Amino acid sequence: MTQGPSPRKPKTPDDGAGSTTALAGDARAPSHCQHCGDPLAGLKVVQRQIGSTRQSFCCQGCAFIAEQLYLARASSRDLAALDAALGGARRAPAPAAGGAYKHEQVEVHGMVCAACALLIEHRLRRAPGVASAHVDFGARRAYVAFDPALTSADAVRRAIEATGYRTSSNARAERRARRIELLRVLLAWLAMMQVMMLAIPAYVAAPGDIPPDIEQLLRIAQLVLTVPVLLFSAAPIFRAAASQIRAGAIGMDLPVVLGLAAAFAASAHATAVASGATYFDSITMFVALVMGSRWLQARALARAYAHIDAAHRQSTLRARRLRAWPGSMLADDVPAQALVPGDHVVVAAGETVPADGVVARGTSTVSQAWLTGEAAPLEVGDGAPVLAGSVNLEQPLVVEVTRAGEATSLAALRRLVDDAGRQRPRIVETANRVAVIFLWAVLAITAATVAGWWVVDPAQALPNAIAVLVATCPCALSLAAPAALAAVQSALAGRGVLTARASAIEQLARIDAIATDKTGTLTEAEPALLRTVLLRAGVPAQVLAVAAALESLSTHPFARALTRAARASGVALPALQRGRVEPSAGVEAVVDGVRLRLGKADYALGIVDAEPAPVAARLLKRLEREKLQAASVIVMADSAGPIALFAFGEALRPDAKAFVDEVRAAGIDLLLVSGDRREPVANLARSLGIAAPDGGNVYAHQTPDSKRQLVAGMQRAGRVVAMLGDGMNDAPVIAQADVSIALAQGSTLAQARADFIVLTSRLADVAFALRAARRGMRIVRQNLAWALVYNVAIVPLAALGYLTPALAAAGMAASSLAVVANALRARRQ
Amino acid sequence: MDSLYLLIPLSLVLVLAIGGLLAWSVLSGQFDDLDSEGRRILDEDDRPRDDGQPPGG
């Protein structure tokens with residue numbers, strides 16, 4: 001993106017004076033970004049004072065560029081001034097001098113448009129030690145050359161994050177981080193086993209059985225093994241606690257660290273003075289359990305998403321691009337990332353489709369297992385859409401690329417998974433609310449213990465205070481919520497339900513109303529042929545075959561529905577001659593020597609030899625008698641008059657009724673909100689049994705904004721509302737609803753925005769998500785209750801000095817194990 | 001009991017050595033993929049294994 005301030009920049013600095021706003025009327029409630037013109041619906045709008053007006057932008061990048069444009073124009077109308085203001089953003093990256101610079105590739109998330117890329121470049125170039133920076137918006141990557149003596153790759157990443165975007169390191173750094181996580185777990189377990197062995201004599205021997213010097217040797221050995229566990233294996237826990245202190249947000253890690261530190265300090269002191277109890281075994285066991293369960297969760301999630309990952313990696317491999325389609329079949333071997341829309345690629349049987357596109361030649365079956373997790377093959381022919389990552393199963397295909405690289409549905413899905421993974425830590429919010437109270441309670445009880453024992457027996461004050469801190473170390477509490485929610489997330493992923501926002505699981509479990517869209521949600525996305533009315537004697541299957549043959553010229557949804565119906569009835573299509581398509585009217589062709597028209601009534605009747613008006617009137621009467629809507633009917637006619645009527649409509653999804661019943665049985669209100677006319681909406685509601693006796697719960701003629709107001713009104717009444725739709729058309733209501741679920745429709749996946757995305761597009765899986773979320777939250781509550789009861793029960797014992805190290809360790813381990821085992825239940829269905 | 005003065009430090013040294021070995025094996029990627037190694041022996045194809053590096057990376 002070095003060729004200009006913004007490739008999509010719609011304005012030059014010369015248009016309009018003093019303001020970058022092109023549409024002054026839009027200033028009050030703009031629906032589009034005032035720099036790049038992208039729609040703002042569903043985005044977090046950035047507002048910025050530009051000159052005398054307050055303007056809205058899609059992202060920080062656009063706001064920044066607009067500001068710079070305004071400033072540049074205020075001083076000079078020269079583009080060079082703008083260039084200077086942007087810190088030479090148009091300059092090509094400077095070559096590294098003498099190879100002394102290090103080059104780093106950073107993946108950047110959260111960029112909305114090319115202006116964001118420019119903003120990041122600008123900030124990076126001002127960072128100390130950065131020689132050159134180039135941000136590729138399309139590839140979502142920043143290429144940075146920096147002087148390793150002055151800065152580091154981490155600092156570069158932090159600089160990008162300070163700008164408001166998220167980064168992830170390159171694959172190598174990620175792989176190393178994964179290995180280190182595993183190493184933390186393995187070393188903790190190794191050390192735990194050794195410390196256990198060294199600790200056992202103290203548990204089993206009668207007092208005085210072990211000579212004091214051997215006892216001291218055992219203590220020192222345990223200390224030596226515990227130090228690396230705390231410093232290396234438990235480092236993430238300490239880091240989390242430190243960042244919680246810095247951020248001023250107390251979380252569960254802080255009391256845990258307090259307990260660990262107290263236990264270690266007491267044990268180290270006992271070792272130094274060669275007398276007293278040690279807790280080294282409790283410390284190592286806890287760290288091993290926590291790190292082990294965290295690692296298992298991460299692995300379970302990674303496995304659930306593995307098929308997406310695998311397809312992604314395959315598709316980043318190679319593509320065979322045709323050099324001169326359709327003239328020749330000569331192909332170049334290129335990386336799939338190098339493809340651009342309009343390219344033609346050949347995909348041999350067994351190969352992976354490298355980009356989203358449409359079939360230009362060939363028929364075959366493809367497997368979209370990466371998307372749905374199902375291997376059921378899909379038949380494709382000329383004009384059929386295919387998605388990147390699908391595997392071609394039978395015959396070679398020529399595919400015309402429509403979306404390549406980062407624009408494919410597959411890449412969009414991959415980013416979703418990445419973002420979801422990054423958000424995971426937030427799900428401990430539930431436990432963290434308890435943590436603050438918990439921390440103060442523990443500190444208060446510890447203080448009371450010290451004070452109490454100071455009066456009774458000062459020598460016992462410190463040991464008992466430490467016993468309280470160790471016993472109340474909320475290990476189980478800190479595992480309670482994350483373990484259960486991660487288990488839910490992985491169960492959902494196994495059913496093809498992607499969790500884009502992990503904290504939404506809690507909200508999904510709490511909903512008491514679902515607002516659902518009609519078309520494409522409760523009904524199939526495409527219309528279906530509902531009825532065929534013959535107006536003359538004939539064989540219905542034959543008439544259908546002729547109609548399907550005519551419609552093979554058209555790509556209208558009705559045409560596809562006719563073709564599907566003909567294919568389902570298994571009749572052979574007759575040959576066409578002299579076919580002609582009249583846009584948005586119909587098609588005309590000669591079949592078996594007869595000139596036929598198929599399309600809208602007035603177009604089709606145009607072929608009739610007789611006076612058209614009476615024929616049309618008769619047809620209209622017939623339509624009325626058959627109770628058909630003119631808009632959803634097409635007519636086939638020849639010179640003698642109309643032959644047949646084909647009526648189309650929305651077909652209910654096969655699992656719609658079961659879904660509605662299950663949702664209502666779960667005590668959730670189902671609302672049908674649709675932009676469609678009243679009659680079809682009411683019909684559908686009746687057939688599903690949604691309509692309340694008073695006609696409530698069914699809303700027709702809704703605009704996106706009236707849907708949003710409807711949901712907002714329910715929320716004011718204390719309802720928790722979920723929105724179920726296709727994730728694209730209802731951005732305002734998706735943003736308004738407490739939680740949103742989208743049924744992904746293959747090719748539109750890249751645009752879908754929702755908390756949960758149902759990749760299989762099955763309503764049964766929506767119901768499953770609902771059940772899983774409720775079950776998961778029940779387990780979280782059980783876990784929290786159990787952990788709290790345990791910690792509350794153990795406190796008096798510790799405070800009164802009854803708790804031996806053995807009991808503390810056993811209790812700590814048992815409560816943690818119980819919580820993790822309970823959480824794993826959430827994965828079963 | 002005197003032998004413990006030798007045996008316990010010795011066991012510590014051994015644990016540290018095992019820990020070092022573990023660190024080396026994990027960091028060199030031997031635990032990256034635990035699933036396909038078992039299946040590899042069933043493959044008829046005897047081509048050398050792909051090292052999993054992205055092309056050019």
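In chain A, among contacts between residues at least 6 apart in sequence, 69% join residues at least 24 apart; two residues are in contact if their C-beta atoms, placed from the backbone, lie within 7 Å. This is a predicted model, where local features need pLDDT of at least 70 and side-chain atom pairs count only at pLDDT 80 or more, while totals for chains, interfaces and linings use all residues. Residues are numbered from 1 along each chain as its sequence is written, and chains are lettered from A and ligands numbered from 1 in the order in which they are written.

**Chain A overall**
- Chain A holds 27 helices and 28 strands, taken as DSSP runs numbered from the N terminus (helices are H or I with at least four residues, strands are E with at least two).
- Of its 829 residues, 43% count as buried; a residue is buried if 20 or more other C-beta atoms lie within 10 Å of its own, exposed if 12 or fewer, and partly exposed in between.

**Two helix pairs**
- Two packed helices are described by the angle between their axes and the distance between the axes.
- Helix α6 (residues 212-233) and helix α8 (residues 253-273) of chain A pack at about 150° with axes 10 Å apart; axes are lines fitted to C-alpha atoms, for helices over the stretch in contact, and angles run from 0 to 180 degrees between N-to-C directions.
- Helix α22 (residues 656-665) and helix α26 (residues 763-799) of chain A cross at roughly 20°, and their axes come within 8 Å, so α22(A) and α26(A) are roughly parallel.
- From α22(A), A:A656, A:A658, A:F659, A:E662 and A:V663 meet A:L763, A:A764, A:V766 and A:A767 in α26(A); these divide into 8 nonpolar, no polar and 1 charged.

**Where chain A touches chain B**
- The contact takes 16 residues from chain A and 17 from chain B.
- On the side of chain A, α5 (171-204) and α6 are the elements that give two or more residues, and α5(A) supplies the largest share, 8 residues.
- That side of chain A has 13 nonpolar, 2 polar and 1 charged residues.

**A covered strand**
- In strand β26 (residues 721-725) of chain A, 5 of its 5 residues are buried.
- A:V721, A:M723 and A:G725 lie on one side of β26(A), A:A722 and A:L724 on the other.
- β26(A) is joined in parallel to strand β17 (residues 513-516) of chain A by 4 bridges, and pairs in the parallel sense with strand β27 (residues 739-743) of chain A over 4 bridges; strands pair if DSSP finds at least two bridges between them.
- A:L724 is the bridge partner of A:T516 and stands opposite A:I741 in β27(A).

**Positive phi in two loops**
- A:D592, in the loop between β20 (586-591) and β21 (594-599) of chain A, has phi near 50°, a positive value in a residue other than glycine.
- A:D592 counts as exposed because it has 10 C-beta neighbours inside 10 Å.
- A:H701, in the loop between β25 (698-699) and α24 (704-716) of chain A, has a positive phi of about 55° although it is not a glycine.
- With 12 C-beta neighbours inside 10 Å, A:H701 counts as exposed.

Key. Nonpolar A, V, L, I, M, F, W, Y, C, P; charged D, E, K, R; others polar. Parallel < 35°, antiparallel > 145°, perpendicular 65-115°, else oblique.
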